[in-house]
Every structure is written in structure tokens, then in C-alpha cells.
Amino acid sequence: MMKTVETYNGIPIPAFIYGTAWKKEATADLVQLAVASGFSAIDTANQLIHYNEVQVGEALRTLAQQGPKRESLFLQTKFTPVSGQGHRTPYDPMVTITKQVEQSFESSLQHLHTEYVDSYVLHGPYSRHGLGREDWEVWTTLEEIYQSGKVKMIGISNVTADQLRLLCEKAAVKPMVVQNRCYATLGWDDEIREICQTHDIVYQGFSLLTANREALTHPAIQAIAQRLNVGPAQIIFRFAQQIGMIPLTGTTNKRHMKEDLQIEGIELTNEEVLLIEKIGL
Ligand SMILES: NC(=O)c1ccc[n+]([C@@H]2O[C@H](COP(=O)([O-])OP(=O)(O)OC[C@H]3O[C@@H](n4cnc5c(N)ncnc54)[C@H](OP(=O)(O)O)[C@@H]3O)[C@@H](O)[C@H]2O)c1
């Protein structure tokens, strides 16, 4: 059983999440492979240009017939505002934002063949700086969906430090999770992670490999990988877990899935963690 990280409202999240972006027609097969390999948390979005939520649902239906039941899996999906949707939206773009969220959420439930999702995330704020009327309208709707019991937690992605501070200050329900792209050159998003720590929010990091190619080939990381007899990707993912983050992996490769899941068995020293924390600065 994979370790879990608990949210402030007492819900466990598996310590490693399988991400389904850009898998297109291979999504269903890859989700099945990921679960068969040992992943129990799946990240998707109701956003047709980057995700195939329908195929995630197909995989879940097949898995349920084979054994793993819905309750044994952690499902996370997102509401994507019109600006992030390309030319096809999975809701009516002409109705109010509240209605857009409600329609998107209902269609996610249908795609995923489920009555609830574990985590429902705003894909990104409407505003570049601060939080505007649209952001508050979306957040209030997410809060209502959370209060209805159809989601176990709500969260926000692609958020800046100022926006997250504002949300924590003013929201009736603070986010339980934040999901951000995590750059070594920004101290692995240290400013946001600090706010998360203060408010007991679980931080999920994505593109840990694709956004950090220099770190992956850095001699210090290569040396640690050699000491532990693993690859540099595993060092980055384990480092992420050791500093309290939940990493997402976007691999399409069976061997990488296995290697990624083996990281719980390795341990970086405190000195190694401190070194990697500053590696991109
Ligand atoms: N909220 C957002 O806006 C947002 C944006 C982007 C992504 N995400 C989420 O984050 C997930 C992961 O993002 P990502 O695809 O950029 O992640 P990533 O895990 O940083 O990158 C995956 C890439 O690294 C390669 N790779 C090499 N060795 C690997 C190893 N040992 N383990 C894993 N991958 C290895 C993979 O190739 P192989 O396929 O050959 O293994 C793949 O090309 C997405 O699927 C999505 O769910 C969210």
C-alpha cells in the first residue's frame, strides 16, 4: 500500500499521483497500466485540448470489472475556465460561471462513471494578479459542491503566492490542495509551499522532470542517484516527497512507472535534501 498524506479535513491522498495529460487515445490503456503497476491516484481535467477524461472513465469502468473498486482509487479532476479550453468547451460558455462549473462538474461525473470525485481543482485563476469577480464566483461554486458532499476536497492550480494568500484569507473554505508546476530555479516553488505549510494545504508538484532538465543532469543529483543505485528521476521524485510534496508523474512507460513507485524504498540524507533544495538557485 502506498503511503498517504492527509489534508486538513482528514482525507488521505496517495503520496504519488499518476497524471493523464497529453495521453490522448492512449489514456485508457495507460490508466489501466498505472493502476496495475500500483498507482492509486489519478489526475485528469475536463479540458479537451490536453486531457481525455472520457478515456479515464473507460479505464475505471474496465478496472472496476477486473477488481479495483472506485473507493480504492483517488480521483482528481479540474474545472477549466473558457480561456483554457480551446475551441470545444465541455459546458455552455454563454451561461454564468456558476452554471459553467456546475455543468462541467456534472459532465466530469458522467465521464468518470462516478457519483463523487475525491478532489476537485480550479485549473487556474481567471486573473493574472489578485483574484477578481470571476475567481470568487468559481471558488464559491466549488465550495458549494464541496458542501454537497460530492467532492472530498477542493483545490487550486497554477496559482501565485499573492492569489493563494488572498484565497486563504477570504475564502469560506480554504483549498485543501494546491497543484503547481515546480521549478528548481524557483526553489521548487518554495514561496507557495511555505504558504501551504502555514495553512496545512497539501502541495502537489507537476512537471518535476520536464521543467527541471538541468537538475536531472546535475552532477550532484547524478552522484546521489549512483549512491542509491537508482535514476535521477527517482531522486527528484523522492526529494519532492521528503520535503512534503506529492509529486505527479506523467510517464507513458511501464518500466518508469515501476521505478517511480519504488522511490518509497529509498531515503536521501538531510544533507542531500538541503543540497537539492538549492540546486537551481
Ligand atoms: N495543473 C496543470 O495545469 C498541469 C499542467 C501540466 C501537467 N499537469 C499534471 O501533471 C502530470 C505530469 O506532468 P508531466 O507529464 O509534465 O510530468 P513529468 O513526470 O515531469 O514528465 C514526464 C516526462 O518525463 C519522462 N520520464 C523520463 N524518465 C521518467 C521516469 N523515471 N518517470 C517518469 N517520467 C519519466 C516521461 O517519458 P516516458 O513517458 O518515456 O516515461 C515523460 O516524457 C500531467 O499528466 C498532469 O496530470 C497539470
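## Helix H3 against helix H4

In this predicted model, Ile97, Thr98, Val101, Glu102 and Phe105 of H3 are in contact with Glu134, Glu137, Val138, Thr141, Leu142 and Ile145 of H4. Sorted by class, the residues of this contact comprise six nonpolar, two polar and three charged ones.

The axis of H3, which spans residues 97-111, comes within 9 Å of the axis of H4, residues 133-147, and the two cross at roughly 45°. The crossing in which H3 passes H4 is right-handed.

## Helix H2 against helix H3

H3 also meets helix H2, residues 53-66, where the two axes approach within 8 Å and cross at roughly 40°. On the H2 side the contact is formed by Glu53, Val54 and Gly57, and on the H3 side by Ser107, Ser108 and His111. By class, this contact of H2 with H3 holds one nonpolar, four polar and one charged residues.

## The barrel

Eight strands form a closed barrel with parallel pairing, in the order E3-E4-E5-E6-E7-E8-E9-E10. Neighbouring strands of this sheet are turned against each other by 25° on average, with direction ignored.

One of these pairings links strand E3, residues 17-19, to strand E4, residues 41-43, through two bridges, and the two strands run parallel. Within this pairing, Tyr18 stands opposite Ile42 of E4.

Key:
Residues numbered from 1 in each chain as written. Predicted model: local features only at pLDDT ≥ 70, side-chain atom pairs only at ≥ 80, totals over all residues. Heavy atoms only, no water. Axes fitted to C-alpha atoms, helices over the stretch in contact; angles between N-to-C directions. Helix = DSSP H or I, 4+ residues; strand = E, 2+ residues; numbered from the N terminus. Left-handed = near helix turned anticlockwise from the far one by under 90°. Contact = heavy atoms within 4.5 Å. Nonpolar A, V, L, I, M, F, W, Y, C, P; charged D, E, K, R; others polar. Pairing = 2+ DSSP bridges.
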